[in-house]
Amino acid sequence: QFFLVGFAHIFYRHLHTLYVNFKDFRYLFAPLQIAKASEGRLNILVFNWRDLKHVWGGGAEVYVEEIAKRWVKEGHAVTLFCGNDGKNKMNEKISGIQIIRRGGFYTIYIWALLYYLLKFRGKFDVVVDSENGIPFFTPLYVSVPVVLLIHHVHQDYLREQAPFPISHISKLLESRLMPYVYKGSEIATVSESSKKDIVSLGFKKKHIEVINPGINIRDYKKLKKTQSPTFIYVGRLKPYKNVDVAIKAIALLKDKYSQIKLIIAGKGESEKYLRTLAQKLGASDHVEFHGFVTDQQRVTLFAQSWAAIQPSSFEGWGITVIEANASGTPVIASKIKGLSDSVVDGRTGLLVPPCDEKILAKVMGELIKFEDFRHEISENAYEWSKNFSWDKSSKEFLKVIFRTLETKRDIVFVRKPALTESD
C-alpha cells in the first residue's frame, strides 16, 4: 500500500493525463449532440486551444466567444472544440455555443483530428481554425472551407520563451509547414502588425483580413479616480507578460509617492514569484494582488485607476487596452507589435521600451505630475474606444467566412443569408 500510494503521488500528473485521455477515447464512441443551424444559416465549427472557462483562458478565448455568441444570435450554429483543464464539463452549452472539451495541452490536436473524422465530418459548412503558435492543420483532413484565425505570429515568443525542443518544433511548424498547408486560405487576424508578420511568413496580403477585437461599450463606465496614484494590470501572470517590470517601477516610485499603488488582477504561474519580488523590493504595501476578478470588478478597477499598465513582450492586440480606454483610463504599454496598434502613443496612452523599469517608472511619474495631460489622454482614450465593438467584429468575420465559401468553386452554397447595407 505504501509503495502504491508513493507511486501515485510521484506520478500523479502522468496518471491523471492517462485517465483523462482514456475518458476522451471512451467518449469518442458515445452519442454526441451537435447544434443545428436555422434554415438558411451556417453550421460553424471552431477549433481553439482553450475556451474562456479554461484556467488559462485569455484574450484569444474572449475573441472567439464574443464573436461566436453573436453568430448564434443571428441563427447560425456554433460548435467550439477545445482543450479541457479537468475543471469543466466535457460537453457544455454557453451563450448558445456548443462547447466540446477534449484533450490537454498537446493532445487536443490529436483529438481534434479524430473527432472530426469520426464525429464532425459532413455536419458543418465551414471550420474556423485558431492558431496559438501551432494551428490544427485542418486543411489536411477537413473537406469543407477553412478560415485560419491568427492573433499574432509566435516566432519571437517561441525563440525567447518556449523550452527546447518545443520551441524549435513549433517555430518550424508555424514558419514552414503552416504557410504550405494553408496556402490560399482566407486568414483573419487582429492587427496590422500581425498582418505584416503573417505576410513575412509567405502568405499573400489579399487573403488576410484585419478584424480588431471589440468591447461591449455599454458595460463600461467612467468613475471618479482614486485620490492617490493608482495603476492597474489586468491579465494572466506569465513570464512574457513582464508584470515584474511594473512591480520594479513601483518600487522605484514608492519613496517619492508614498501612497502610490499597483493593482494586479489575474492569476498565473508567475504569481508566487511576483509576490516574493514585491516583498523583496519592500513594495508589498504598494502592490495588491486581487486574483481573478468578476466583470463588474474589472470595470470598476479600470475606471478608478489613473492608468493601466501593459508591459508584455508579445501581444497580438491587447483587449484590456481598449477595455481600460472605455473606462476613461489611458494605458502605458510596451512599444511592441500589437500594442503599438491598440495604443495611440501620446494620445490614448504612452509607449515605452519593453522590460525597462526605469523608463516605465519615469513615465508613470510624469503622468502623476502633469494632471492636465493625464486628463487629456484619458478623454482621448475614451473616444478611441468607441471605434471598437464586438458586433462590428462579428459581422466582419462573417464576411470573411462568406467570401471563403464563395471562392470555393466546387461548393455550391445556397444557404447564405442576405447581408444588409449596414453589414
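Modeller: One cut-off before we start: buried here means under 20% relative accessible area, exposed means over 50%, and partly exposed is whatever falls in between. Keep in mind, too, that this is a predicted model.

Let's start at helix H9, which runs over residues 271-280. Four of its residues are buried: Glu-271, Leu-274, Leu-277 and Ala-278. They span an arc of only 125° around the axis, so they sit on the same side of H9. As for what lies over the buried residues, the cover includes helix H8 (243-253) and strand E11 (287-289). After H9 comes Gly-282, with a positive phi near 70°.

While we're on backbone angles, most residues other than glycine have a negative phi. Asn-242 isn't a glycine, yet its phi is positive at about 55°. You'll find Asn-242 in the loop between strand E9 (230-234) and H8. At a relative accessible area of 7%, Asn-242 counts as buried. Cys-355 is another non-glycine with a positive phi, about 65° this time. Cys-355 belongs to the loop between strand E14 (349-352) and helix H13 (357-369). With 46% relative accessibility, Cys-355 is partly exposed.

E14 and H13 come up again with helix H14, because the buried residues of H14 pack against H11, E14 and H13. Those buried residues are Arg-374, Ile-377, Ser-378, Asn-380, Ala-381 and Ser-385. Looking down the axis of H14, you see them fall within an arc of 165°, so they line one face of the helix. The length of H14 checks out as well: its 15 residues should span 21 Å at 1.5 Å a residue, and its end C-alpha atoms are 21 Å apart.

Now for the partner helix. H11 (residues 319-326) and H14 (residues 371-385) have axes that come within 7 Å and cross at roughly 115°. That crossing is left-handed. On the H11 side the contact is made by Ile-322, Asn-325 and Ala-326, and on the H14 side by Ala-381, Tyr-382, Trp-384 and Ser-385.

Leaving out residues up to four places away in sequence, Ala-324 touches Phe-302, Ala-308, Thr-329 and Val-331. For a sense of scale, Ala-324 and Glu-288 are 36 residues apart in sequence and 18 Å apart in space, C-alpha to C-alpha.

Last stop is helix H15 (residues 390-407): its 18 residues reach 26 Å from first C-alpha to last, close to the 26 Å expected. The buried residues in H15 include Trp-390, Phe-397, Leu-398, Val-400, Ile-401, Phe-402 and Leu-405. Ser-393, Ser-394 and Thr-404 are buried there too.

Key: Residues numbered from 1 in each chain as written. Predicted model: local features only at pLDDT ≥ 70, side-chain atom pairs only at ≥ 80, totals over all residues. Heavy atoms only, no water. Buried < 20%, exposed > 50% of the residue type's maximum accessible area, 1.4 Å probe, protein only. Helix = DSSP H or I, 4+ residues; strand = E, 2+ residues; numbered from the N terminus. Arc of directions from axis to C-beta. Contact = heavy atoms within 4.5 Å. Axes fitted to C-alpha atoms, helices over the stretch in contact; angles between N-to-C directions. Left-handed = near helix turned anticlockwise from the far one by under 90°. Expected span 1.5 Å × (residues − 1).
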